Amino acid sequence: MSAAVVPPVRPRLAVWKFASCDGCQLTLLNCEDELLAITEAVEVAYFLEATRAEVEGPYDVSLVEGSITTPADLQRIQEVRRVSKRVVTLGACATSGGIQALRNLADVEEWRASVYARPEFVATLDRSTPIAAHVTVDVQLYGCPIDKRQLLEVLAALVQGRAPRLPSYSVCVECKRRGTVCVAVAGGTPCLGPVTRAGCGALCPAFSRGCYGCFGPQDTANTTSLTDRLTFLGMPRRDVQRLLRTYATGAEPFRRESARFDDLAPATGTAIDLVTGTTTGTTTGTATGTATGTATGTATGEGTVRP
């Protein structure tokens, strides 16, 4: 009599949300062609974005989206770490505090009183901080949102018991690989590609837009060299600072470099054409910007840094 075949035990996967927009969780759900293979390889034990079913821990892998912004978050992330063999952080919020880390630069009590009719009912911390500031993290996935291919690579690596293969070089490498003309050199567009971690496939430059840095700083980001070049070429100091204060404003290289421009001194000086390097006029420091860090500068002459 043959023995009964016992199916292999699948690793248990949990997905957790903290302060975030849910975009990184949706990246997992958007793996339409791969979802069946994923559910065959792992048991989705806790994922409220997808199902109400809950299986108690411990969990082999926990995917964590969002930053820590409330006292309750501080307690809950400790519990997540306690019941998880491995913790993988997802996206800019979880890895650097996200756009909401702009609160770290302001008076949170003033903001809370301005936004909410009864601010005393809103419990919040003064700072938005990444998951790694509070617990040990095993793998970090960057981006806003994360890249689907990198997520699948991490899940496959964890199931196979190997280290995931993730890039640490800059977006510029991805531009070269896909044959994208440099938007900074050829078009005079401010771009964070030289200091930003690869992983998006150089999506924004492929559509003639400068990189916004949503994957955060690469391992050896020379932010000072980049910002010095931008100011030398005529970009107002306020606009340079805004360029660094978007998705990964809490990442230390971007935070430290943007702090160099806290005085917001008017950037009056000679404007240089980004393409030819020739002097073309003078600039003033008058500027306006949007929440995404794009900006325009009031200038005389030609060849100023483009918005």
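Mentor: What follows is a short exchange on a predicted model.

Trainee: Why is Gly216 called buried?

Mentor: Gly216 has a relative accessible area of 4%. Buried means under 20%, so Gly216 is counted as buried.

Trainee: Where is Gly216 in the chain?

Mentor: Gly216 belongs to the loop between α9 (203–206) and α10 (223–232).

Trainee: What makes Val195 a contact of Gly216?

Mentor: The term requires heavy atoms within 4.5 Å. Leaving aside neighbours within four places in sequence, Gly216 is in contact with Val195, Thr196, Arg197, Ala248 and Phe254.

Trainee: How far is Gly216 from Thr249, in sequence and in space?

Mentor: They are 33 residues apart in sequence, and their C-alpha atoms are 8.4 Å apart.

Trainee: How do you know what span to expect of helix α6?

Mentor: The expected span is 1.5 Å times one less than the number of residues. Helix α6 (148–160) has 13 residues, for which 18 Å is expected, and from first C-alpha to last it reaches 18 Å, close to that value.

Trainee: Which residues of α6 are buried, and what do they pack against?

Mentor: Gln150, Leu151, Glu153, Val154, Leu155, Ala157 and Leu158 are buried. The elements they pack against include β1 (12–17), α1 (23–29) and β3 (59–65).

Trainee: What follows α6?

Mentor: Gly161 does, with a positive phi near 75 degrees.

Trainee: How much of the chain counts as buried?

Mentor: Of its 307 residues, 45% do.

Technical notes: Residues numbered from 1 in each chain as written. Predicted model: local features only at pLDDT ≥ 70, side-chain atom pairs only at ≥ 80, totals over all residues. Heavy atoms only, no water. Helix = DSSP H or I, 4+ residues; strand = E, 2+ residues; numbered from the N terminus. Buried < 20%, exposed > 50% of the residue type's maximum accessible area, 1.4 Å probe, protein only.
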